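Dear colleague,

Please find the structure below, handed over for your use. My findings follow it.

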Amino acid sequence: MIQLFVTGGTFDKEYDFVTGKLFFRDSSLPKMLEVGRSTLDVNIRTLMMVDSLDIGPQDRENIANNCRAAETDQVLITHGTDTMTDTAEYLAKADIRGKTIVITGAMIPYAFGSSSDGFFNLGSALAFVQSLPAGVYVVMNGRYFTWDGVRKNRATGLFEAV
């Protein structure tokens, strides 16, 4: 089984056509797995629905505690891209043993349809969480990176090795 933790981020944002603002309602993960015809055994749990710029130390500890308590050694976390690498570092240093933890996100909300990279990132992350050894990884743009070997290039909107 794969444990999926939802933390929010652009992945799950929706657009309010009246106010022009992005907001959170429900996670898109169940629908994405259904549309993608996934046959994987997954457990989805929402930990929070916040923009990653609003994730603080207590939130990261909550994520770490949930990773520790997960009954599986395969954990996938959806997360906002702005501080994804900060959370990856926190988890890598949180003494969580024997688990493969993959963090992924999207630059464009899934609710925006085919222009979103969320579907591709989710599929890649599901494959990598099943195949990588224990450790903490960031998966974006079809690639995986170790927690300490990645950065978000804000000029291109892509994640790259450092």
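The notes below describe the sheet, the helices, a hairpin and the salt bridges.

This is a predicted model, in which local features need pLDDT of at least 70 and side-chain atom pairs count only at pLDDT 80 or more, while totals for chains, interfaces and linings use all residues. Residues are numbered from 1 along each chain as its sequence is written, and side-chain values use heavy atoms, with hydrogens and water left out.

**The sheet.** Six strands form an open sheet with mixed pairing, in the order β4-β1-β5-β6-β7-β8. Helices (H or I, at least four residues) and strands (E, at least two) are DSSP runs, numbered from the N terminus; two strands pair if DSSP finds at least two bridges between them. Because β4 (42-50) and β8 (143-146) each have a single partner strand, they stand at the edges, and one side of each is left without a neighbour in the sheet. On average, neighbouring strands are turned by 25° against each other, direction ignored. Within the sheet, strand β1 (residues 2-8) pairs with β5 in the parallel sense over four bridges, and leucine 4 has leucine 76 of β5 as its bridge partner.

**The helices.** Helix α2 lies across β1, β4, β5 and β6 (100-104), and runs at about 170° to β4. Axes are lines fitted to C-alpha atoms, for helices over the stretch in contact, with angles from 0 to 180 degrees between N-to-C directions. The axes of α2 (residues 57-69) and α3 (residues 84-92) come within 10 Å and cross at roughly 55°. That makes α2 oblique to α3 (under 35 degrees is roughly parallel, over 145 roughly antiparallel, 65 to 115 roughly perpendicular, and the rest oblique). The contact (heavy atoms within 4.5 Å) is made by Pro57, Arg60, Glu61, Ile63 and Ala64 of α2 and by Asp86, Thr87, Tyr90 and Leu91 of α3.

**The hairpin.** Strands β9 (residues 150-153) and β10 (residues 158-161) run antiparallel and are joined by four bridges. Asparagine 153 has leucine 158 as its bridge partner in β10. Four residues lie between the two strands of this hairpin, and glycine 157 in the turn has a positive phi of about 75°.

**The salt bridges.** The count comes to seven salt bridges, each a side-chain nitrogen of Lys or Arg within 4 Å of a carboxyl oxygen of Asp or Glu. One of them joins aspartate 82 to lysine 152, with the closest N and O atoms 3.0 Å apart. This pair links distant parts of the chain, 70 residues apart: aspartate 82 is in the loop between β5 (74-78) and α3, and lysine 152 is in strand β9.

Yours sincerely
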